[in-house]
Amino acid sequence: MKPAAFDYHAPGDADEAVALLAELGDEARPIAGGQSLMPMLALRLALPEHLVDLGRAEGLRGIEERGDSVWIGATTTQRTIERSAAVARAVPLLARATPLIGHFQIRNRGTLGGSLAHADAAAEYPAVAVALDARFETLSPRGARTVPATEFSTGVYSTDLEPDELLTGAVFPVWSGRCGFAIEEFTRRSGDFAVAGAAVAVELDAGSCVSRCGIGLFGLGSTPLRATAAEAAATGSPSGDVTPEDVGRTAMAELESVPADLHASAGYRRHIGAAVVARAWHRAVQEAAHA
Amino acid sequence: MPDIEIRLTVNDRAWRATVAPRLTLADFLRERCGLTGTHLGCEHGVCGACTILVDGEAVRACLMFAVQADGTRITTVEGIAEPGGDLSPIQAAFRDHHGLQCGFCTPGLITSVTAFLRDNPDPTDDEIRTGLSGNLCRCTGYQGIIAAVRAAARTHPSGKR
Amino acid sequence: MDGLRTAAARYAGTRVARVEDPRLLTGHGTFVDDVVRPGMFHGCFVRSPLARARIAGIDLSGALAVEGVHAIFVADDLNPGVHEQWYTLIGRDVPDTPRPPLAEGEVRFVGDPVALVVAADRYVAEDAAELVAVDYEPLPPVVDYVTARESDELVHAAYPRNVAGDLGGAPLADLAPVFEEAAWVVHETVYQQAYAPVPMETRGIVAEWSAGELTIWAATQSPHEVRLFCARLLGLPEHRVRVVMRDTGGGFGQKVVPQREDMCVMLAAPKLPGALKWIEDRRENLQAAGMSRHEHGEARLAFDADGALLAAAIDHVQDVGAYPVPWPVGTAAAVGMLFPGPYRVPAGTFSTTSVFSNTVGRAAYRGPWQFESVARELLLDTAARRMGMDPVELRRRNLLRRDELPYVNPTGMPYSDVTPLETFEQALKMLDYDAFRDEQRAAREEGRHLGVGTCTYVEPTTAAMPLYGTEGATIRIEPSGTVNVYVSGGSSGNSIETTVVQLTADALGVDIADVSTIQGDTAITPFGGGSGGSRSGSMTAGAVAETASVLRERLVAIAAHRLEAAVEDIELGGGQARVRGVPSVGVAVSELAEIAYFHPEQLPPGVPPGLEASGRYRAESPIIWANATHVCTCEVDVVTGRVTLLRHIVSEDCGPMINPSVVEGQIAGGTVQGIGGVLYEHLAYDADGNPITSTFMDYLLPTASEVPDIEYGHIETLAPGPGGYKGVGEGGAIGTPPAVANAVADALAPFGVEITRLPLTPEAIVALVDGGARTAVPR
């Protein structure tokens with residue numbers, strides 16, 4: 001189980017990296033922490049001719065609080081995020097999602113950008129990003145652009161990124177006010193990818209009505225999903241009138257195609273999905289109510 | 001596919017080597033440095049047998065290329081014992097509590113637990129289990145390993161508070 | 001034992017620190033992948049991507065052109081080199097199933113080795129393997145063993161109906177009156193999924209040919225079997241083959257005999273100018289190293305109105321895949337013969353059929369016959385619930401009592417020296433069964449679902465099959481007085497080095513720090529069967545006792561002569577020979593050794609010089625019976641189907657414990673493998689015969705987070721043989737799956753759930769709760 005041969009490039013910054021990607025074309029793949037790509041290389045499921053290692057690229061790493069949002073560089077490790085007081089304070093949902101990613105040895109190398117750009121539909125970070133309305137920053141030889149998280153994933157392991165375009169960072173809006181956050185997932189074992197999961201952010205107004213909410217689903221489609229119908233049904237209602245089970249049911253009702261594998265049929269995934277949405281909703285509302 | 005020159009420190013010894021880009025760090029340590037204590041149990045990042053410390057942090061040596069380790073300081077299981085060669089307190093706890101049987105997963109556990117207890121010197125049982133869940137063992141049923149970590153935490157220099 | 005005065009055991013029975021640990025904890029073990037030879041080549045197998053196909057042609061040109069490739073072997077190159085191919089473990093004369101080194105003409109499972117690439121390193125070997133162009137003509141595979149007997153397709157043309165073999169007892173019809181007249185009959189088909197040993201170290205071998213001799217370094221449980229097998233395979237005199245193993249990273253049955261890939265490396269080595277190393281990768285291990293446990297049984301239990309067992313019968317069918325290793329038919333008989341278990345069963349019979357399929361071959365795994373316990377214990381719980389009786393009460397009425405022993409079960413198994421009822425009661429007491437039932441009631445009122453399950457079994461250990469019936473030891477007391485003990489052994493996780501050192505120190509009355517052991521090298525160790533069948537402890541204890549008695553006698557004779565005392569008055573202990581009752585008068589073993597080697601003129605008449613002896617122990621009974629009860633409690637989340645294990649208690653009788661830590665480690669390891677098997681692990685195939693769990697992302701081994709603390713209870717009865725020791729390596733993997741499954745069934749009893757199908761995945765549990773009934777049909 002050894003990777004096939006490739007050429008290795010270690011650009012010094014993002015501009016150099018995208019220039020390399022443009023020059024090398026389809027046969028090049030960026031690599032950051034490599035915690036998803038390396039197994040695919042070892043299994044020879046991915047056979048790039050060139051690897052562009054972002055590990056030494058300047059300007060892609062760090063956590064910055066920018067007023068009503070937090071910017072996190074793409075090559076910031078999950079471990080850094082896990083240890084960040086700023087993230088815990090300003091983006092609690094992201095902080096709580098992080099320990100659920102793999103094991104601590106994986107999080108020591110795995111990066112935010114790698115997780116988002118790998119776009120595993122069962123991963124935590126993409127779902128957190130869609131739930132919070134995060135924005136992704138990208139760079140290509142044609143310049144920088146911003147993509148809403150909800151538009152980033154386009155299918156199974158595929159994204160809106162062009163072959164010569166890099167994810168450079170993500171901007172997470174800070175939800176202030178009476179907010180609550182919860183992430184619930186069901187895994188077969190500690191550290192596994194989720195059979196199904198839900199990341200929920202809820203904001204209540206002074207009268208305890210749901211003024212805003214985001215429900216990100218993972219493991220329940222070919223991309224991370226936003227449970228828009230469930231959100232719409234809940235928004236504007238007094239939080240006490242919204243039963244978590246209804247939120248779960250509504251979230252599942254709007255799903256078109258749910259994946260199936262050895263560990264879970266589509267029907268069972270929906271069943272679990274409804275349960276994790278309900279549990280996450282309940283906890284998020286509880287937290288908001290006591291905020 | 002040109003080879004690349006790297007410099008790194010492994011167990012306090014400086015290495016300079018020319019490596020193929022595809023050479024994993026695990027294979028570099030085993031085959032080029034002769035440090036065969038780092039074991040390959042799955043080569044896809046799940047079993048944890050190849051766990052080493054890179055700049056102090058526990059990582060899978062099968063999920064890094066040697067070229068990515070250029071400029072780092074690495075500790076393998078061979079570098080964990082006390083300077084005089086005595087077992088480290090964690091290694092000793094594994095021995096005292098029957099925390100190993102065949103010994104194949106052991107190096108990855110020793111390195112992982114070394115980092116885990118440094119960061120979390122007074123863990124709960126749940127934290128211990130979660131901390132160990134990235135290392136698979138087929139012999140011990142984890143019983144002796146969990147007992148060893150509990151015991152090592154009790155005697156950990158920063159855990160006595 | 002031999003009339004000589006024996007010093008009291010200082011080390012046996014104590015938690016001696018393991019002698020294996022210092023090297024293993026510091027990264028200084030020597031596993032097969034750590035072996036490096038000058039000019040060594042690396043091998044990689046080209047494996048079939050199809051479950052069944054005719055090989056129309058193989059084009060090696062592209063692969064041979066890869067820089068660094070030295071040779072590529074196909075079946076025509078290696079297979080004709082086979083002289084004889086059979087396992088000592090099984091014997092020459094059984095109707096063994098086919099086992100070609102490389103696939104000949106037809107591939108029969110995904111992973112079937114077709115060619116062996118030999119290259120400068122594994123990276124290059126894999127590059128070249130991808131370029132070997134095999135022209136496959138697909139054939140319809142026989143994927144499902146359950147329907148294989150009715151298939152028009154044959155896995156092996158020489159085996160009609162895809163039946164590899166069958167065995168059985170008296171016809172079931174003979175018992176028809178019992179079943180017809182019984183007050184209660186449970187009749188269910190129980191199905192168990194495929195899972196596997198999955199040692200953390202995969203398989204591996206290095207073979208080096210030099211001037212007519214072959215040296216092999218192997219990951220193996222039995223170096224002497226590897227040597228015998230290899231010598232026969234290549235037609236070499238046995239003493240031209242040397243097998244070396246220092247550390248093996250777990251075997252659990254998978255490494256008990258060499259497999260097809262090992263044969264290929266043995267056959268290729270003499271054709272190469274350097275050693276050849278093959279280290280299996282994890283995908284190969286999960287695709288090609290062997291499957292276990294895949295079977296079902298139509299099981300019947302008959303009871304009288306009071307719940308007393310009247311009869312037990314099972315019709316067992318097992319999947320043996322395409323190339324089982326070793327011959328699987330004989331082992332399957334144990335499922336039927338042990339199905340009555342540790343219960344008073346007046347009548348019983350069985351049949352068993354081994355069926356080929358186009359999947360990976362069946363291989364040995366810890367307690368290969370454990371399905372007897374799975375089927376029996378699941379049915380006992382089902383029966384109790386249908387009778388409205390507590391499952392514990394039903395078992396109490398039927399478990400064998402000590403005063404009924406020895407007892408011959410209805411299929412002829414002669415149980416002796418076992419304590420099933422005692423372990424059962426001890427485990428329940430450790431749990432506080434009544435308190436748990438109270439807790440369960442209270443939890444149910446809160447909508448939480450707790451359950452308790454048990455499994456009680458008897459287990460054959462130390463079976464005196466031809467390879468396993470004797471065991472040798474050589475002990476050399478060095479001129480300095482330190483001791484080396486040589487046994488076949490080899491460290492594969494069973495702590496056999498520590499065990500041997502403990503026993504030898506006691507037998508010679510020397511300090512344990514003065515004893516070392518040398519194992520695993522066929523050139524210097526006595527012949528022995530290796531680790532398998534829960535035999536190492538008891539047989540090696542016999543070998544050490546046999547050999548040490550010779551040396552003790554010699555030490556005593558020299559000491560008596562030197563101290564001018566009577567032989568009868570000399571006792572050994574603490575590294576000294578002393579005159580009994582006169583502790584001030586003694587002589588150190590080191591001094592006796594110096595006399596024995598350097599001053600033969602000071603030896604008493606008739607005592608030979610030197611202090612080295614070899615002895616061989618012969619098993620005193622065909623089987624040593626061990627037994628245990630597992631009790632498990634769990635909580636089931638009926639919404640998600642998650643099972644959380646709360647407590648797992650094992651009360652066993654393995655006789656006196658040589659080292660309680662080692663015993664508990666064996667039990668815990670087996671138990672967690674059983675937890676994996678009942679809840680997580682599934683070596684699964686799709687309908688086309690493609691393996692779908694060939695990485696650790698998909699094949700789910702339990703982690704530390706999935707297992708509870710395991711609690712141990714011990715009952716001690718002596719087995720026949722030195723020390724009264726019994727085997728303890730396998731039982732944990734036998735008792736756990738039924739105990740866990742019964743705990744889940746108990747938790748779900750309010751839903752009318754009965755369990756007949758494994759594994760108990762969360763999805764299966766949700767389906768059971770929703771269906772309120774069993775899913776009985778095997779697939």
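1. Chain A has 291 residues and a radius of gyration of 19 Å, which agrees with the value near 19 Å for a compact globule of that length. This is a predicted model, and the points below should be read with that in mind. The C-alpha trace of chain A spans about 60 × 45 × 35 Å along its principal axes.

2. The secondary structure of chain A consists of twelve helices and 14 strands. Buried residues account for 60% of the 291 residues of the chain. Among contacts in chain A with a separation of 6 or more, 65% join residues 24 or more positions apart.

3. Chain A is assigned three domains: domain 1 (7-53), domain 2 (63-173) and domain 3 (178-289). The centres of domain 1 and domain 3 of chain A, taken over C-alpha atoms, are 35 Å apart.

4. A:Leu47 sits in the loop that runs between helix 2 (37-42) and strand 3 (50-53) of chain A. Between A:Leu47 and A:Thr235, which are 188 residues apart along the chain, the C-alpha separation is 46 Å.

5. Chain C has 779 residues, and its radius of gyration of 28 Å is close to the 28 Å given by the globule rule, so chain C is as compact as a globular protein of that length. Its C-alpha trace spans about 85 × 70 × 50 Å along the principal axes. The chain contains 19 helices and 28 strands. Of its 779 residues, 62% are buried. Residues 24 or more positions apart supply 80% of the contacts in chain C with a separation of 6 or more.

6. The largest nonpolar core holds 416 residues, and the members touching the most others are A:Val200, C:Val117 and C:Val744. Helix 15 (residues 536-563) of chain C gives the most to this core, with 13 residues. As background, nonpolar side chains tend to be buried together in soluble globular proteins.

7. Which residues are in contact with C:Val744, leaving aside its neighbours within four places in sequence? They are C:Gly451, C:Cys634, C:Val636, C:Val643, C:Ile755, C:Leu760 and C:Ile765.

8. Chain B is assigned domain 1 (4-79) and domain 2 (89-155). Their centres, over C-alpha atoms, are separated by 21 Å. The contact between them takes 14 residues from domain 1 of chain B and eleven residues from domain 2 of chain B. On the domain 1 side, the elements giving two or more residues are strand 3 (51-54) and strand 4 (57-60) of chain B. Strand 3 of chain B gives the most to that side, with three residues. By class, the domain 1 side has seven nonpolar, six polar and one charged.

9. Between chains B and C, 45 residues of chain B are in contact with 44 residues of chain C. Where does the chain B side come from, counting elements that give two or more residues? These are helix 2 (89-96), helix 3 (106-119), helix 4 (125-132) and helix 5 (143-155) of chain B. Helix 5 of chain B provides the largest share, four residues. The side of chain B that touches chain C comprises 23 nonpolar, 16 polar and six charged residues.

Note on methods. Residues are numbered from 1 along each chain as its sequence is written. Chains are lettered from A and ligands numbered from 1 in the order in which they are written. Two residues are in contact if their C-beta atoms, placed from the backbone, lie within 7 Å. Ala, Val, Leu, Ile, Met, Phe, Trp, Tyr, Cys and Pro count as nonpolar, Asp, Glu, Lys and Arg as charged, and the others, Gly among them, as polar. Domain bounds come from an automatic or database domain assignment. The radius of gyration is taken over C-alpha atoms; the globule rule is 2.2 Å times the number of residues to the power 0.38. A residue is buried if 20 or more other C-beta atoms lie within 10 Å of its own, exposed if 12 or fewer, and partly exposed in between; C-beta atoms are placed from the backbone. A nonpolar core is a set of buried Ala, Val, Leu, Ile, Met, Phe, Trp, Tyr and Cys residues joined through C-beta atoms within 7 Å.
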